Amino acid sequence: MIRDGYLVSKWALVRRNELVDIPEKLEIHPDFLQQISHAEFESAFREIGAMFRQMYADMADTPQRFGLPLYKVDEYDYFSNQAREARSAPWNLFHLMFCLFACGDFKESVFITDTAEVRKRNKAKKTNYLLEAMCDYGFVFDGMKKYSLSSGDYLEIDYPDNRNIIGILSAVAKKVNNTQLKDVKNCYSNSITFSNAFIAWNYKVLAEDLNTCSLAEGCDYVADKMHDEADREVIFALDEILMKRGCTRKKGDSNEGPSVRYYDKKSSVYDYALTSDAGKLYLELRIRNAEKCLAYLRECPERIAEIFRHSDTGCRNRVNGSCRSGVKYVFEKEEKWHCGCCGAPFKIHPIKEDIPHYLKLWELGSKKPSEC
């Protein structure tokens, strides 16, 4: 349920969906187990994952408690500054937590973080709300007044219910800081946030030593966000085929979720994309000439033909007459139109057994009518 129709409530649930599922068995590198057993580490790691999920759920239900923007759904369009703020605001708490634990160290048994360094790095707004909210989940702070980071030079952080929680948050934050975010200029960009193993609480960060982090470098940038094994399988299968064909793979950073885009040969615009759109997997196909595909649809399952029956209502560029990326065609005696301004014109939830059809359709329709 979207609480009182707030934009940020919807996006809190989308961001929760981007947390990575934790499997039954975890591979944990010995670097993480210097002062803790495998069982204790695994238990606390799962506890943090459950905490993150609950935090997002609570943001959706009571966003004002976290100081999140309370813009109403029906008052702002998708392209407004308010909508843009609402899409990223649910990450604020986790960016702040990352800063807190990346900038601190244990002094004997007490975890102390440098508030000046946190303030320098943190860009989240209304941190007093966020710090107060953290207390509701078991964190205890000492060294500040009224939850203000500027009220002291240092901050003591404790988690009395399970002190392993602090150590694990710190270990993961430091590893991400020293590997994934090393030399990164904008840690708050979409693509960096989607990759950030701390923000996604990605268990794969545990498998390699503290100085090595190779996750989210390939198609797992999207696959890790999926919660259905069939979705992960089709991503890996299609990626293998496209890479063997000589495609170039690049990350995308759309608002709705991470995307892996594939460029055929010297194409300047991606031809295929595997995209997580608000948690649902889509394959995007850059079909420029749909008319060339229509006869082949008789050999395809009905679910593929259905995306050609669909017709977009329009886009800003089409309304003002400046759209040059749309695809127009006649199918089953009706004129259809697909927008291609913000993505490839044709999108479908991919199924592994249909991959040969997707590839054939792109081959048939890859050229514009004027190029045929």
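Predicted model: local features only at pLDDT ≥ 70, side-chain atom pairs only at ≥ 80, totals over all residues.
**Strand pairing and a packed helix**

Phe 111 stands opposite Ile 157, a residue of strand β4. One is built on the pairing of β2 with β1 and with β4. The other is an open sheet of five strands, with helix α11 packed on it.

- Strand β1 covers residues 104–107 and strand β2 covers residues 110–114; four bridges join them in the antiparallel sense.
- Gly 104 has Thr 113 in β2 as its bridge partner.
- β1 and β2 form a hairpin with two residues between the strands, and Glu 108 in this hairpin takes a positive phi near 60°.
- β2 also pairs with β4, which spans residues 154–158; this pairing is antiparallel too and has four bridges.

**The five-strand sheet**

- The strands of the open sheet run in the order β5-β6-β7-β8-β11, with antiparallel pairing.
- At the edges are β5 (248–253) and β11 (346–348), each of which pairs on one side only.
- From one strand to the next, the twist averages 25°.
- Within this sheet, β7 (residues 272–277) pairs with β8 (residues 280–285) over six bridges in the antiparallel sense.
- Across that pair, Thr 275 stands opposite Tyr 282 in β8.

**The helix on the sheet**

- Helix α11, residues 229–244, packs on the sheet and touches β5, β6 (258–263), β7 and β8.
- The direction of α11 makes about 25° with that of β8.

Conventions. Residues numbered from 1 in each chain as written. Heavy atoms only, no water. Pairing = 2+ DSSP bridges. Axes fitted to C-alpha atoms, helices over the stretch in contact; angles between N-to-C directions. Contact = heavy atoms within 4.5 Å.
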